[in-house]
Amino acid sequence: MLEFRIISLKSRQNLYPKKLGFKWPRITHVSKAREVRFKTPGSTPMNQTISSAPCVSVIVVANEKGGSGKSTVAVHLAVALMRAGESVATIDLDPRQRSFTHYVDNRLTWSRQRGKSLPAPTHVCFDEDADFTTSEDEAAGRATFEKTLAGLCENHRYVIIDTPGHNHYLSRLAHTYADTLITPLNDSFVDLDVLGHVDAETFAVTDVSHYAGLVEEARATRRSLGKPELEWIVLRNRLSTLNSRNKRAVGEALADLAQRLDFRCIEGLAERVIFREFYPRGLTAVDDLDELTLGTRPTMSHVTAQLEVQSLVAALLGPAAYRLGASFLESDAA
Ligand SMILES: Nc1ncnc2c1ncn2[C@@H]1O[C@H](COP(=O)(O)OP(=O)(O)OP(=O)(O)O)[C@@H](O)[C@H]1O
Ligand SMILES: [Mg+2]
């Protein structure tokens, strides 16, 4: 049996207004060496019917390029799914930076400060000692990751894994568990370079690159284990709202790479200051757009960003996302 040591945030539970009936979401820190037992706290979508186990999808958000929007996309996807009534667990595999964990932490703190319930996932963060120094350490880290994931899958419909922007053994392992792999990519040839190289004159793709090789290895591992094919989605992030030569050329190179590497390319998020402003409060564009939630008056940027994330989730999840649209409309009308 798995048990997670809960070391943070629990004390703040008492600070929450009881009348709101919060179930306190737990952030759990896991170290590779620890044998752990999992007690499911359940996720906490507020005022939602929660669909629970079994897990329908492990979604890994990954790219070997740092700063491409992995944590931003992961947190938006998690909150969007929770608002659609799904139970969601999240894992932060970036032990050094922990942006995703801080995002959730900020969200819980803001929720308490505002007296406003905000859905938050069951969250697990791998501690810094998940970095391996010996092969024994790595074996222990792998075992802990696999147990943790299995425990979360028993009790949540979706498990979303945020990964660091570099090649780490836990990240490579996570790829082999991905039913869906989402790779956010800033709209630039610098970012595209992890997938493929282009000709300097024509911008035509000349070769595939190292991250593409890592995904191919994960696919091969899944095949050898008899697991279903991994669906790979490359998501263009921080898109310029203006049509530029760069945007067009990157788009053409991605279309070519999509054929060669078998991924689906979708237009993700535009470059919007608002996505950067959300972090200190742990908010997302799919939260309620009111002053109590935002701490400021909603603007057209909020509305546009929300619509954009809705269509992003629809593009990511297909027909299942229609329910998301309904849930947003309901909450907005309320
Ligand atoms: N669509 C967007 N518009 C504007 N800023 C964005 C957008 N997406 C992400 N950002 C900003 O870009 C920076 C990097 O985003 P994020 O932390 O999500 O990337 P990451 O891939 O998780 O990075 P790392 O590899 O360091 O973990 C952050 O400052 C974030 O707020
Ligand atoms: Mg990150």
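Predicted model: local features only at pLDDT ≥ 70, side-chain atom pairs only at ≥ 80, totals over all residues.

Q: What percentage of the chain is made up of buried residues?
A: Burial here is a neighbour count: a residue is buried if 20 or more other C-beta atoms lie within 10 Å of its own. Buried residues make up 43% of the 334 residues in the chain.

Q: And what share of the contacts is between residues 24 or more positions apart?
A: Take the contacts with a separation of 6 or more: 77% of them link residues 24 or more positions apart.

Q: How should I read the nonpolar core?
A: The general idea is that in soluble globular proteins, nonpolar side chains tend to be buried together. In this model the largest nonpolar core has 74 residues, and Leu77 and Ile160 touch the most other members. Helix 1 provides the largest share of this core, nine residues.

Q: Which residues is isoleucine 160 in contact with, leaving aside its neighbours within four places in sequence?
A: Ile59, Val61, Ala74, Leu77, Ala78, Val88 and Thr90.

Q: Where is valine 79 found, and why does valine 79 count as buried or exposed?
A: Valine 79 is found in helix 1. Valine 79 has 27 C-beta neighbours inside 10 Å, so it counts as buried. Not counting residues up to four places away in sequence, valine 79 touches Pro119, Thr284, Val286 and Asp287.

Q: Now arginine 96: buried or exposed, and why?
A: Arginine 96 counts as exposed because it has 11 C-beta neighbours inside 10 Å. Arginine 96 is found in the loop between strand 3 (88-92) and helix 2 (99-114).

Q: On to the strands. How do I go about reading a sheet?
A: A handy general idea is that in a regular strand the side chains alternate between the two faces of the sheet. For the pairing itself, go strand by strand. Strand 2 (residues 57-61) and strand 6 (residues 180-186) run parallel and are joined by three bridges. In that pairing, isoleucine 59 stands opposite threonine 180 in strand 6.

Q: How many bridges join strand 6 to strand 9?
A: Seven, and the two strands run parallel. Threonine 183 stands opposite valine 234 in strand 9, and proline 184 stands opposite leucine 235 in strand 9. Strand 6 is mostly covered, with five of its seven residues buried. Strand 9 (residues 231-237) is also mostly covered, and five of its seven residues are buried.

Q: Which backbone angles deserve a look?
A: Check phi for positive values in residues other than glycine. Arginine 238 has a phi near 55 degrees, a positive value, and is not a glycine. Arginine 238 is found in the loop between strand 9 and helix 7. Arginine 238 has 20 other C-beta atoms within 10 Å, so it is buried. Phenylalanine 203 has a positive phi of about 65 degrees, although it is not a glycine either. Phenylalanine 203 is found in the loop between strand 7 (196-198) and strand 8 (205-208). Phenylalanine 203 counts as partly exposed because it has 18 C-beta neighbours inside 10 Å.

Q: Last one, the ligand. Which residues come nearest to ligand 1?
A: Of the 20 residues around ligand 1, the nearest are Gly66, Lys70, Ser71, Thr72 and Gly165. The shell divides into four nonpolar, 10 polar and six charged residues. Helix 1 (70-83) and helix 8 (273-277) each supply at least two residues of the shell, and helix 1 gives the most, with three residues.

Conventions:
Residues numbered from 1 in each chain as written. Chains lettered and ligands numbered in written order. Near = placed C-beta within 6 Å. Helix = DSSP H or I, 4+ residues; strand = E, 2+ residues; numbered from the N terminus. Nonpolar A, V, L, I, M, F, W, Y, C, P; charged D, E, K, R; others polar. Buried ≥ 20, exposed ≤ 12 C-beta atoms within 10 Å, placed from the backbone. Contact = placed C-beta atoms within 7 Å. Core = buried A, V, L, I, M, F, W, Y, C linked by C-beta atoms within 7 Å. Pairing = 2+ DSSP bridges.
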